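Biologist: Hi, could you walk me through this model?

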Amino acid sequence: PTQPETIHCSFSGSSLRKSSDDGISSWDWKLKGDRSTYHALFPRAWTVYDGTLVNTGKERAKVSLLMTWANSIGGLSHHSGGHVNEPFMTANNNPPVTFAIAACENQNVNVTVLPAFGLSGESSVTARGMWGTMVQDGSFDRDNFNNGASMPSSVGDTVCAAVSASTWVEPHGRCTVVFALAWSSPKVKFKKGSTYYRRYTKFYGTSPRSAVNLVQDALMRYKHWEEAIDKWQIPILHDERLPEWYKVTLFNELYFLVAGGTIWIDSEPLVADADNKSNSSLPEDSDLPFRDSTCNSTVPLIGFSQHEIDDKENVGKFLYLEGIEYFMWCTYDVHFYASFALLDLFPKIELSIQRDFAKAVLREDTTRIRFLADGTWGIRKAMGAVAHDLGAHDPWHELNAYNIHDTSRWKDLNPKFVLQIYRDFAATGDMSFGKDVWPAVCTAMEYMEQFDHDGDGMIENDGFPDQTYDAWTVQGVSAYCGCLWLAALQAAAALARNLGHDDYAERCMTRFAKAKSVFEARLWNGSYFNYDSGTSYNSRSIQADQLAGQWYTASSGLPHLFDEDRIKCTLQKIFDYNVMRVKGGRMGAVNGIHPNGKVDETCMQSREIWTGVTYSLAATMLLHGMDHQAFTTAEGIYIAGWSEEGYGYWFQTPEAWTVDGHYRSLIYMRPLAIWAMQQALSPPRSIVEAPKVNTMDRAHVSPGTFQFLQDSVRKMTPKNGCFGNTVFNWDC
């Protein structure tokens with residue numbers, strides 16, 4: 001709820017000051033920008049002002065610092081009128097007295113406020129007048145604390161507030177003055193009417209005025225927070241194995257967790273919105289299945305009051321956007337890459353997201369949707385298909401806001417679901433999580449059976465962009481989806497063994513052995529896996545992401561999918577071509593490149609460099625002992641995106657850029673995959689210490705086992721308990 005303030009440097013000059021202006025340009029700023037240095041190490045940022053506020057005299061000097069804030073939530077909202085400012089004072093244990101700015105007063109620091117001033121001459125107190133008071137007195141009238149709320153601002157006027165902190169600085173002495181900013185926006189209302197309380201209201205209450213309590217906590221506890229941040233960051237910052245650029249980029253890429261449209265709600269009560277009576281929520285403590293008013297769902301939805309299932313760890317519900325240009329919550333094929341950050345830092349939130357998708361697997365929404373790519377019609381969500389996203393305008397209820405392709409025919413979503421489930425299970429050791437999501441894992445695996453068109457155990461792509469590269473056509477057996485499928489078979493087997501379903505595990509591994517033989521026979525060319533088994537010119541392209549399944553396999557502590565020599569040979573080929581043949585390795589890994597060294601121009605995405613994929617490729621290299629190649633590969637993203645010689649994409653890392661530097665989709669989720677590199681360097685203890693089990697030990701080929709899930713997944717019968725309002729009897 002509160003974030004460290006980012007201080008922006010101000011520049012002095014004659015062009016800034018206008019004698020007739022009553023706004024902020026009338027202020028007598030003298031700070032030189034070249035005397036200021038901005039630093040960022042998320043979640044902190046700070047600016048060092050060289051040579052300012054130093055008392056070089058022989059007498060103590062009175063110094064006043066000023067913090068101002070406009071009553072606005074961005075855009076033109078400061079001109080919309082009706083804004084009110086109000087002074088407040090707090091003391092420990094007092095009741096709460098919706099932005100709040102404050103300074104910490106003590107025996108050495110005197111705090112005063114100006115509750116309201118304007119940026120125009122029509123205001124009773126203008127910015128010029130406020131500045132004049134500060135220049136003359138160094139503080140405001142102490143009686144201002146007794147003022148009530150200001151009059152609502154008029155349309156077109158901007159109302160601001162100021163907090164002054166004054167102190168005496170002894171000769172060659174120093175003094176710390178603490179300011180804080182907090183804001184409270186307790187409700188989240190989605191476009192279709194559903195309204196929720198944000199997570200922080202569980203601790204601070206639901207009043208918008210709780211900003212006062214938030215800002216007080218910031219003032220009183222910021223040192224504790226900084227100590228906790230240091231404790232977390234210092235081991236990495238002091239790790240001499242790691243390049244300096246990596247340490248900084250690792251932390252700063254986390255900006256997306258707060259800048260990426262993040263919403264974190266308290267999942268227990270669903271807020272009844274008095275302005276919208278069509279809210280399709282359950283009454284608190286209801287245990288009845290209900291039908292969503294916005295979709296034709298044939299599986300009962302789960303009321304948020306069912307926190308025994310929805311929120312076992314009491315962490316609420318979490319959403320973040322694919323990107324600010326792609327407005328979909330928790331886009332799953334991208335979360336596949338980004339989720340390493342949540343798993344490492346907020347594992348209970350990560351498990352909560354996976355539970356949401358597990359429930360979605362068992363849902364069907366027969367609402368008719370027209371798909372933009374080919375104009376065909378289909379249903380919004382098929383039973384057994386992993387959702388592409390949790391929706392846009394009514395998340396958790398109306399899934400799959402994405403409508404370019406029919407994602408129920410995508411080949412990567414279901415394997416990615418199984419892989420994420422097992423990775424999270426292995427990393428956390430949470431047995432209840434594994435048991436809860438097991439029905440969805442079985443269903444997701446069974447669903448993929450339809451894509452094995454020739455019964456050889458290996459799935460095939462269907463001649464359209466049926467995976468996360470949704471502009472890059474794939475035909476037949478493909479390196480990307482085929483490798484994910486092999487990894488999913490092995491992960492499903494490992495999860496089954498942990499849960500005591502040995503027969504199911506055996507069937508998975510029998511299928512794995514058969515599919516692996518097909519995959520290698522169709523795609524291995526002696527130095528890497530071909531893009532796909534088709535006959536097009538790009539079928540032999542070298543895809544940077546071709547070992548995505550092996551990446552997850554190694555990250556989860558499972559046996560390698562292929563011989564180590566073959567894996568390293570492939571990674572070296574990708575490094576030599578996709579990385580080093582593009583600007584000398586200073587831009588990351590291009591998605592596709594031909595064996596002749598020319599970038600694959602088949603489509604927009606084949607010629608792009610994807611920042612998150614580059615990080616995941618580097619993580620795969622680390623997992624196989626190729627540290628030099630890994631850091632060289634990832635450094636290309638730092639050079640192009642974060643360094644002074646790059647394109648200036650810091651704190652807005654895009655999904656992609658081309659070899660000439662043109663970007664696509666700023667502020668994107670996938671670059672959080674840099675945390676997969678950190679997981680490769682410092683894997684979870686539960687994975688490191690887990691016994692090394694060869695999942696092939698009990699696999700043998702027999703005619704009956706090729707039926708795989710068809711004979712093992714029985715009819716689903718709803719009844720109370722287990723998975724929300726629905727339980728499934730499985731004979732696995």
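Predicted model: local features only at pLDDT ≥ 70, side-chain atom pairs only at ≥ 80, totals over all residues.

Biologist: Great. Where is Ala182 found?

Modeller: Ala182 sits in strand S7, residues 179–183; strands are DSSP runs of E, at least two residues, and helices are runs of H or I, at least four, numbered from the N terminus.

Biologist: Is Ala182 buried or exposed?

Modeller: Buried, at a relative accessible area of 0%. Buried means under 20%, exposed over 50%, and partly exposed in between, with a 1.4 Å probe and protein chains only. The C-alpha atoms of Ala182 and Ala218 are separated by 7.9 Å, though the two are 36 residues apart along the chain.

Biologist: Switching topic, how many residues of H17 are buried?

Modeller: Eight of eight, so to speak a mostly covered helix, spanning residues 674–681. Among them are Trp675, Met677 and Gln678.

Biologist: And what volume does the second largest pocket have?

Modeller: About 410 Å³. A pocket is an open set of points on a 1 Å grid over the protein atoms alone, with protein on both sides within 12 Å along at least five of seven lines, and lining residues have an atom within 4 Å of a point. The volume is the space filled by probe spheres set on the points, which are joined across faces, edges and corners.

Biologist: Which element gives the most to that lining?

Modeller: Strand S1, with three residues. The lining includes Tyr38, Asn252 and Trp642.

Methods: Residues numbered from 1 in each chain as written. Heavy atoms only, no water. 1 Å grid on protein atoms, 1.4 Å probe; cavity = no way out; pocket = protein on both sides within 12 Å on 5 of 7 lines; lining within 4 Å.
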